[in-house]
Amino acid sequence: MSNRIKNVAEEIISDQWATLKKVTYSYQNQDQSWSDVKREVYDRGYGACALLYNVKKQTVILIKQFRLPAYLAGDGGFLTEVPAGIIEDEAPEQAIIREIEEETGYVIPALTSVGDIFTSPGAVTERIFLFIAPFDDAQKVTDGGGLDSENEDIEVVEYAFAKALQDVKKGVIKDAKTIILLQHLALSGVMKTSNL
């Protein structure tokens, strides 16, 4: 922890789906002066996501679902994304393997870690662990679609990798974690990008 931050105090504003806090603290500026700062911080826990890819078919598995914040921001609300979910007292790998099966219907035995990111560090504590994994049709055990108990209504889409990259360029795919994983896969050389 930094010695440039002290007197941190937190007050819970809302504790419904996640926790919204008002945080006050003292911050030492680069010129050595101190400032008192007030911020609202949204704490929804950590998450994990994964991009499934098939080299032979040159496809990836994405999902499409309604996102209220995107809707309220005037962007239609339905986003194309990689499978993702909140980590619940488990390793990130366990969480995303569970989420992949719930959301897509695929059982994935192993993943490759790509790292982790903060989604919006100015206001949200969420850290997302990123993974990629190869898939084949034999690993599909259910239709997926999410859990009724979590009010999930997820459409599973097998996307041509080249089209996914084009849709990033066109602004059709706007989810940050999905863009990062698609670009990672493109840069890795595992999938073909020569016809873009």
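This is a predicted model: local features need pLDDT of at least 70, side-chain atom pairs count only at pLDDT 80 or more; totals for chains, interfaces and linings use all residues.
The protein chain contains 4 helices and 10 strands, arranged along the sequence as β-β-β-β-β-α-β-β-α-β-β-β-α-α. Its C-alpha atoms fill a box of roughly 60 × 40 × 35 Å along the principal axes. Of the 196 residues, 37% count as buried. Among contacts between residues at least 6 apart in sequence, 56% join residues at least 24 apart. The domain assignment divides the chain into domain 1, residues 5–43, and domain 2, residues 47–195. The C-alpha centres of domain 1 and domain 2 are separated by 32 Å.

The second largest pocket holds about 540 Å³ of space. Its lining comprises 17 residues, of which V8, V23, Y25, V41 and T125 are the closest to the centre. Strand 1 (5–15), strand 2 (19–28) and strand 3 (34–43) each supply at least two lining residues. By class, the lining of the second largest pocket consists of 10 nonpolar, 3 polar and 4 charged residues.

The largest pocket has a volume of about 1,400 Å³. It is lined by 37 residues, and those closest to its centre are W17, R44, Q65, R67 and E81. Two or more lining residues come from each of strand 4, strand 5, helix 1 (68–72), strand 6 (78–81), strand 7, helix 2, strand 8 (112–118) and helix 4 (176–188). The lining of the largest pocket divides into 17 nonpolar, 7 polar and 13 charged residues.

Helix 2, one of the elements lining the largest pocket, covers residues 92–104. The buried residues of helix 2 are P92, A95, I96, E99, I100, E102, E103 and T104. An α-helix has 3.6 residues a turn, so residues three or four places apart point the same way. The cover over the buried residues of helix 2 includes strand 4 (47–54), strand 5 (59–66), strand 7 (84–86), strand 9 (127–134) and strand 10 (155–160). Helix 2 is followed by G105, which has a positive phi, near 90°.

Strand 8, which also gives residues to the lining of the largest pocket, contains D116. With a relative accessibility of 37%, D116 counts as partly exposed, since this value falls between the 20% and 50% limits. When neighbours within four places in sequence are left aside, the contacts of D116 are with R127, I128 and F129. D116 and A73 are 43 residues apart in sequence, and their C-alpha atoms are 26 Å apart in space.

Terms used
Residues are numbered from 1 along each chain as its sequence is written. Side-chain values use heavy atoms; hydrogens and water are left out. The expected span of a helix is 1.5 Å times one less than its number of residues. Buried means under 20% relative accessible area, exposed over 50%, partly exposed in between (1.4 Å probe, protein chains only). Contact means heavy atoms within 4.5 Å. Domain bounds come from an automatic or database domain assignment. On a 1 Å grid over the protein atoms alone, a cavity is a set of points where a 1.4 Å probe fits but cannot get out, and a pocket is an open set with protein on both sides within 12 Å along at least five of seven lines; lining residues have an atom within 4 Å of a point. Grid points are joined across faces, edges and corners, and a volume is the space filled by probe spheres set on the points. Ala, Val, Leu, Ile, Met, Phe, Trp, Tyr, Cys and Pro count as nonpolar, Asp, Glu, Lys and Arg as charged, and the others, Gly among them, as polar.
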